[in-house]
Amino acid sequence: MSKDHQHKILAHTGSVCPVCLKALAAVRRQEGDAVFLIKNCPEHGEFRTCIWRGKITMPSWQRPKKPSAPRSPVAVTEKGCPFDCGLCSAHGQHTCTALLEITARCNLRCKVCFADAGSGSGQDPSLARISVLYDEILRASGPCNIQLSGGEPTMRDDLAEIIRLGRRKGFSFLQLNTNGIRLGLDASYARSLQEAGLASVFLQFDGISDDVHQAIRGKALAALKEQAIIHCGAAGLGVVLVPTIIPGINTGQIGEIVRYGARFSPVVRGVHFQPVSYFGRYPAPPLDQDRITLPEIMEQLARQCEGEIRTEHFAPPACEHALCSFHANYLLQPDGSLQALGAGRQACCSTSNACDPLPTAMEGRDKSVSFTARQWAAPDVCDAPVDPAASVDDLDIFLRRAQTHRFSISGMAFQDAWNLDLERLQGCCIHVISPEGKLIPFCAYNLTSTEGRSLYRMAEAP
Amino acid sequence: MSTFSFISQTTWRCAPCNQELQPEKVNVSYMGSVFTVELMVCSTCGFVLIPEDLAMGKMHAVEQLLEDK
């Protein structure tokens with residue numbers, strides 16, 4: 001293959017300088033089987049970051065949608081993307097999930113933490129302030145899914161009241177982003193949150209063995225995580241396992257995490273992988289070998305769950321930008337095997353040009369909101385006894401099993417100051433409600449420079 | 001795995017073949033998943049009758065579960 005074929009500009013986009021956070025033009029450049037985001041800061045030089053690596057090519061991973069601006073964008077955009085987030089009229093997607101950070105406190109001190117939790121001495125927002133923030137989400141985006149986050153939200157003793165308040169405001173799906181320590185220690189705690197109206201637990205779950213938890217979280221947590229899952233199951237809460245995947249630490253457990261989650265189905269509703277990002281708190285500026293990209297995780301899933309998971313099962317998202325995530329759904333069979341549901345990549349536009357008419361961003365967002373609420377909450381189980389004499393066909397058997405044992409496998413790649421791609425940012429549907437009441441794309445909110453300077457989190461934009 | 005399910009007395013006939021419909025096992029596939037069910041079929045040309053309540057009921061529910069988000 002000639003060099004011209006090996007090196008090809010795939011797209012022009014924008015980014016920032018990781019050192020000074022100045023806005024920069026950037027390109028996505030294919031080099032062999034990897035794609036790099038390349039940008040040049042007049043002051044700090046060129047930055048090249050691997051953003052895609054593997055046999056699933058970036059040009060094949062598409063899901064175009066018609067952008068749709070926020071319903072009440074911020075009136076003034078002075079500095080341009082990503083400095084005027086709030087959201088502005090250049091944003092192309094609505095809120096699917098709004099993150100509400102209810103504390104900066106944490107009972108762990110992890111080596112990696114997007115929120116750099118436990119470092120500050122800031123006060124928790126009051127219940128009255130949280131009420132205002134809920135209202136602000138409703139005003140700006142309408143009803144959407146809510147994720148209560150932090151810090152570690154279970155540090156607050158009034159968490160159940162915060163959940164009740166959210167439900168009273170009209171949010172039907174509330175999820176808790178947690179390390180699971182309190183849920184694991186206290187059997188009655190999960191029930192109190194479920195009774196308050198919580199639907200789902202987004203459980204930090206980096207691996208199945210203590211060496212992984214020790215390496216990333218600084219504590220042996222395997223037994224506590226399992227207790228948390230058991231307590232959530234008894235309380236009627238759905239659980240999603242959320243591993244942060246870090247090269248050299250837990251890439252070898254990707255398949256085992258899926259099998260572990262499947263063992264706890266239907267309490268565990270799926271696994272949501274997050275490749276490590278370098279924002280907030282992290283040990284050192286990243287080299288390309290410190291990153292794992294979405295296609296590499298899909299390939300590892302196929303390799304480590306050979307025979308059950310294939311890379312063709314995975315599809316790009318209908319809601320967020322195609323390059324931000326992948327997902328596939330499975331039916332967990334009684335023998336513990338996973339059977340793929342749906343047509344994977346064939347079902348969307350990535351392998352065909354016959355995508356007419358182009359769906360709107362809003363349609364994708366609506367699908368995602370309802371799918372997430374349905375899949376990540378505990379299943380509605382019909383307790384009616386099955387009449388053994390009744391006629392049963394394949395469709396009945398499928399429907400009965402799928403009602404409880406559908407299992408989702410997904411992954412989402414966050415962006416940091418090195419790999420930030422403004423086209424992706426403008427398609428973002430995961431928005432943090434800031435303490436000031438502005439909705440800000442998750443990756444912009446958490447972006448930090450090499451010197452630890454933040455664009456939005458407790459900071460003024462440059 | 002499949003037993004009697006959607007076979008029933010019906011007034012529908014296969015018009016081109018002028019045949020009564022007979023119960024037969026049929027593979028129904030959607031988005032890569034295959035289900036075996038018994039339906040009324042024209043044994044000459046293979047025409048399959050899918051009654052409205054099946055199409056709007058169980059089949060619709062299965063489609064929704066299989067469809068991508």
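At what angle do helix α2 and helix α3 of chain A pack, and how far apart are their axes? Let me start there. This is a predicted model, by the way. Helix α2 of chain A covers residues 127–141, and helix α3 of chain A covers residues 159–169. They pack at an angle of about 35°, with their axes 10 Å apart. The crossing of α2(A) and α3(A) is right-handed. From α2(A), the contact uses L127(A), I130(A), S131(A), Y134(A) and L138(A). From α3(A) come E161(A), I162(A), L165(A), G166(A) and K169(A). By class, the contact of α2(A) with α3(A) has six nonpolar, two polar and two charged residues.

Two numbers keep coming back in this talk. Packed helices are described by the angle between their axes and by the distance between those axes.

Next pair, still in chain A. Helix α8 of chain A, residues 254–263, packs with helix α9 of chain A, residues 294–304. The angle is about 65° and the axes are 8 Å apart. Angles of 65 to 115 degrees count as roughly perpendicular, so α8(A) and α9(A) fall in that class. The crossing here is right-handed. On the α8(A) side, look at I254(A), G255(A) and V258(A). On the α9(A) side, look at I297(A), Q300(A), L301(A) and Q304(A). That contact has four nonpolar residues, three polar and no charged.

Now across the chains. Which residues of helix α11 of chain A meet helix α2 of chain B? They are L395(A), F398(A), L399(A) and A402(A). Their partners in α2(B) are K58(B), M59(B), A61(B), V62(B) and L65(B). By class, this contact between α11(A) and α2(B) has eight nonpolar residues, no polar and one charged. As for geometry, α11(A) is residues 394–405 and α2(B) is residues 58–66. The angle is about 45°, and the axes are 10 Å apart. That makes the two helices oblique to each other. The crossing of α11(A) and α2(B) is left-handed.

Let's step back to the layout of chain A. Domain 1 of chain A is 3–53. Domain 2 of chain A is 97–380 + 391–446. The centres of the two domains are separated by 28 Å, taken over C-alpha atoms. Where they touch, 14 residues of domain 1 of chain A are in contact with 12 residues of domain 2 of chain A. On the domain 1 side of chain A, β1 (7–16) and β4 (45–53) each supply at least two residues. β4(A) gives the most to that side, with six residues. In all, that side of domain 1 of chain A has nine nonpolar residues, four polar and one charged.

A23(A) is in strand β2 of chain A, residues 23–31. Is A23(A) buried or partly exposed? A23(A) counts as partly exposed, because 18 C-beta neighbours lie inside 10 Å; buried would need 20 or more. Beyond its neighbours within four places in sequence, A23(A) is in contact with G14(A), V16(A) and G80(A). In sequence, A23(A) and G80(A) are 57 residues apart. In space, they are 8.5 Å apart, C-alpha to C-alpha.

Chain B, quickly. Its secondary structure comes to two helices and five strands. Along the sequence the pattern is β-β-β-β-β-α-α. Chain B has 69 residues, and 22% of them are buried. Take the contacts in chain B with a separation of 6 or more: residues 24 or more positions apart account for 49% of them.

Last topic, backbone exceptions. Most peptide bonds are trans, and most residues other than glycine have a negative phi. Where does this model depart from that? Cis bonds to begin with. C81(A) to P82(A) is cis, with omega near 10°. P82(A) is in the loop between β4 and β5 (97–101) of chain A. S265(A) and P266(A) are also joined by a cis peptide bond, with omega about 10°. P266(A) is in the loop between α8 and β11 (268–275) of chain A.

Then positive phi. N18(B) is not a glycine, but has a positive phi of about 50°. N18(B) is in the loop between β1 (13–14) and β2 (19–20) of chain B. N18(B) is exposed, with 9 other C-beta atoms within 10 Å. M31(B) also has a positive phi of about 50°, and M31(B) is not a glycine. M31(B) is in the loop between β3 (22–30) and β4 (33–41) of chain B. M31(B) is partly exposed, with 17 other C-beta atoms within 10 Å.

That's the tour. Thanks.

Note on methods
Residues are numbered from 1 along each chain as its sequence is written. Chains are lettered from A and ligands numbered from 1 in the order in which they are written. This is a predicted model: local features need pLDDT of at least 70, side-chain atom pairs count only at pLDDT 80 or more; totals for chains, interfaces and linings use all residues. Axes are lines fitted to C-alpha atoms, for helices over the stretch in contact, and angles run from 0 to 180 degrees between N-to-C directions. Helices (H or I, at least four residues) and strands (E, at least two) are DSSP runs, numbered from the N terminus. Angles under 35 degrees count as roughly parallel, over 145 as roughly antiparallel, 65 to 115 as roughly perpendicular and the rest as oblique. A crossing is left-handed if the near helix is turned anticlockwise from the far one by less than a right angle, and right-handed if clockwise. Two residues are in contact if their C-beta atoms, placed from the backbone, lie within 7 Å. Ala, Val, Leu, Ile, Met, Phe, Trp, Tyr, Cys and Pro count as nonpolar, Asp, Glu, Lys and Arg as charged, and the others, Gly among them, as polar. Domain bounds come from an automatic or database domain assignment. A residue is buried if 20 or more other C-beta atoms lie within 10 Å of its own, exposed if 12 or fewer, and partly exposed in between; C-beta atoms are placed from the backbone.
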